Amino acid sequence: MGTSLKGELSMSEHVVDVSWSRGGHEFTYDAYNRDHEWRFDGGITVPGSANPKYLGNPGPVDPEEAFVAALSSCHMLTFLSIAARKRLVVDAYDDHAVGVMAPN
């Protein structure tokens with residue numbers, strides 16, 4: 001997050017490019033390729049796909065997993081920030097985050 005001159009939190013912008021290509025595959029629901037890429041402004045590229053339950057590739061990260069990871073990371077970073085400001089020393093942090101997506 002950015003900070004203003006007064007030390008207050010300011011708005012921040014986060015950019016990611018998501019790219020997908022049919023790649024010559026048939027374009028029907030059961031046949032189209034779900035693999036895609038997430039390119040972040042820091043130069044990192046992450047392969048993504050749909051969850052295998054939705055006909056995706058089991059290797060790449062699926063959006064639901066990424067969402068749970070992002071929430072867990074935000075929670076951890078908030079905790080570490082509060083602990084550091086309170087001058088509490090944290091040596092390690094582990095989280096086994098679980099997200100549940102219900103139908104509909």
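How many helices and how many strands does the chain have? And how do β3, β4 and β5 pair?

Guide: A caution comes before the details: this is a predicted model. The chain has one helix and five strands. Read from the N terminus, the order is β-β-β-β-β-α. The radius of gyration is 19 Å, while the globule rule gives 13 Å for 104 residues, so the chain is more spread out than a compact globule.

Now the strands. Take β4, residues 36–40, as the reference. Strand β3 covers residues 16–19 and pairs with β4 in the antiparallel sense. Four bridges make up that pairing. Within it, Asp 17 stands opposite Arg 39 of β4.

Strand β4 also pairs with β5, residues 45–48. This pairing is antiparallel too, and four bridges join the two strands. Strands β4 and β5 form a hairpin, with four residues between them. Gly 43 in this hairpin takes a positive phi near 100 degrees.

Next, follow the chain past β5. A loop runs between β5 and α1, and the helix spans 63–85. Leu 55 lies in that loop. Its phi is positive, about 70 degrees, although Leu 55 is not a glycine.

With a relative accessible area of 76%, Arg 87 is exposed.

Finally, the whole chain as a setting for these parts. Along the principal axes, the C-alpha atoms fill a box of roughly 55 × 30 × 25 Å. Of the 104 residues, 12% count as buried. Take the contacts between residues at least 6 apart in sequence: 16% of them join residues at least 24 apart. The accessible surface comes to about 8800 Å², and carbon and sulfur atoms account for 58% of that area. As for charge, there are 8 positive and 14 negative side chains. The centres of the two sets lie 9 Å apart.

Notes. Residues numbered from 1 in each chain as written. Predicted model: local features only at pLDDT ≥ 70, side-chain atom pairs only at ≥ 80, totals over all residues. Heavy atoms only, no water. Pairing = 2+ DSSP bridges. Rg over C-alpha atoms; globule rule 2.2 N^0.38 Å. Buried < 20%, exposed > 50% of the residue type's maximum accessible area, 1.4 Å probe, protein only. Contact = heavy atoms within 4.5 Å. Areas by Shrake-Rupley, 256 points an atom, 1.4 Å probe, with all protein chains shown as cover. Lys, Arg positive; Asp, Glu negative; His and termini not counted. Charge placed at Lys NZ, Arg CZ, Asp CG, Glu CD.
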